[in-house]
There are 2 protein chains.
Amino acid sequence: MNVQFRKMKPLKSYQHVVDEIQTAICEGNLKEGETLPSEMKLKEMFDTSRGTIREALRVLEQRGLVSIRTGVNGGARVQGASAKPMTDSVAILIRQQRVTLSHLAEFRKMMEGHISEQAAKKADMGDIQKLMAILRDAAAHIQTKPSGWTEFHKMDAEFHRTLAEIAENPLLEANLTAVHSNIQIYFHQYLPWSEALLHDNFKDLCGIAAAVEQRDPATARRMAEEHVAKFNALMEKNLE
Amino acid sequence: MNVQFRKMKPLKSYQHVVDEIQTAICEGNLKEGETLPSEMKLKEMFDTSRGTIREALRVLEQRGLVSIRTGVNGGARVQGASAKPMTDSVAILIRQQRVTLSHLAEFRKMMEGHISEQAAKKADMGDIQKLMAILRDAAAHIQTKPSGWTEFHKMDAEFHRTLAEIAENPLLEANLTAVHSNIQIYFHQYLPWSEALLHDNFKDLCGIAAAVEQRDPATARRMAEEHVAKFNALMEKNLE
DNA sequence: ATCATTAAACTGTCCTACAGTTTGATTGTA
DNA sequence: TACAATCAAACTGTAGGACAGTTTAATGAT
């Protein structure tokens, strides 16, 4: 006996529907943006009941593979890459209090360091111009009025996401997005945002971008790690 | 206008049920292992239809918060921490061919390096004894007959998981589990397993354990990274 | 032309009924 | 008494029908 047999269990029919559609999406037979047939038609195609189809669609929706809209021309639209399921699972770990801010920050520091290092190794002219464009955009939103701050934070997130894109690892990109979305709540709650802090943040980004531009992986990593560590220390201080 | 208002959309009722139960689980009002009321009772408690309850349960099941069994005394049991949703989302990225073996390996190398480093900093006597016990167990399964190899691989995974546990970051632990489960298919398919390779693997683990025991974070990190890199190189070679 | 109205195509919810699955109790048998 | 087979009960899984709610696009009035 070198093999382990799996217990023979008749597949639940909604699971069959899930598998079938998920495969079609992953193989590319259903492309991003395309709309699946209506529940009525699917019900006939799979020869099941509408309830079964709906349970299957709920599962696919949870997995971020489709998004469902009501009304005419509504239905299940195929979604492209989505970090949603990952973001959700991290969120649950946090709500269960298994994962704390320190855990998030440690994980983020590790990733941002690695990403910046890789980006410094792989970035081409176009990539660097993208980064610079984001920085210019961000600079425009540093102002005394808090009304522009939200925009700045968006640019900040975009900068980090672009670095991950340059590092060319979608797995890192998805995880970074998940961590960012979840850490954001803490950002707004525990950081004493001011024009000065915005400037500080901006300067850090410029430093990382410069290191990437000069193809200096070690510096890029160090600066990214320090950036994350600095802001986390600030938060931990205000957390008490 | 400093705030962004969200569009007023009446919450779908299955979503309400999901939120309610998820909150109860996360707050600890529903404890691990506990069984939720039957669909009939839930239907009455929430004053909805059974279909709605079932859609909600499908969502909770997808999120790894409950597992559902049929038959008497069946129903939805509250699950403890589960890396399932994370494993699933990684699996989807792979099936969509957005994430390759190289991506997985890079991510794994980063994590294993970091984890071993942290473990070397944080391990106490008990932790080190745990590691040694696993290694002893693993050694017993290195044999010429391939029948014991499956056991060895289990021990190998357990060793890495324990390191993550020692590093005290559940987020890293969950991600490592997700990557491991997904990379395993490649392991069996593209690695030329033999007694010699098993020994090689085993020796790497011993090296990491020794570095952790001697509280040598730098060495622990280096050895873990080399270990992952070595086996990945082997796979990449056989992938062509 | 532009705006309000309406019809159509969908998803969301509720109901009822019955089939399939698992467990624990009950009954029959050595 | 022990133990196996049988059965009933408590569940989830599936089917089908009805109607309410939502969104888009065509239609019509001004």
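Me: How do the residues of the surface near DNA strand C divide into nonpolar, polar and charged?
Reply: Five are nonpolar, 11 are polar and nine are charged. Ala, Val, Leu, Ile, Met, Phe, Trp, Tyr, Cys and Pro count as nonpolar, Asp, Glu, Lys and Arg as charged, and the others, Gly among them, as polar. The model is predicted: local features need pLDDT of at least 70, side-chain atom pairs need 80 or more, and totals for chains, interfaces and linings use all residues. Residues are numbered from 1 along each chain as its sequence is written, chains are lettered from A and ligands numbered from 1 in the order written, and side-chain values use heavy atoms, without hydrogens and water.

Me: How many residues surround DNA strand C, and which are closest?
Reply: 25 residues surround it, each with a heavy atom within 4 Å. The closest are A:R50, A:R54, B:S13, B:S49 and B:V72.

Me: What does the side chain of A:R54 reach?
Reply: One of its N or O atoms is 2.9 Å from a phosphate oxygen of DNA strand C.

Me: New topic. Which domains does chain A have?
Reply: Domain 1 (13–78) and domain 2 (84–239), with bounds from an automatic or database domain assignment. Their centres, taken over C-alpha atoms, are 35 Å apart.

Terms used
Polar contact = N/O pair within 3.5 Å; in protein donor to acceptor, adjacent residues only side chain to side chain.
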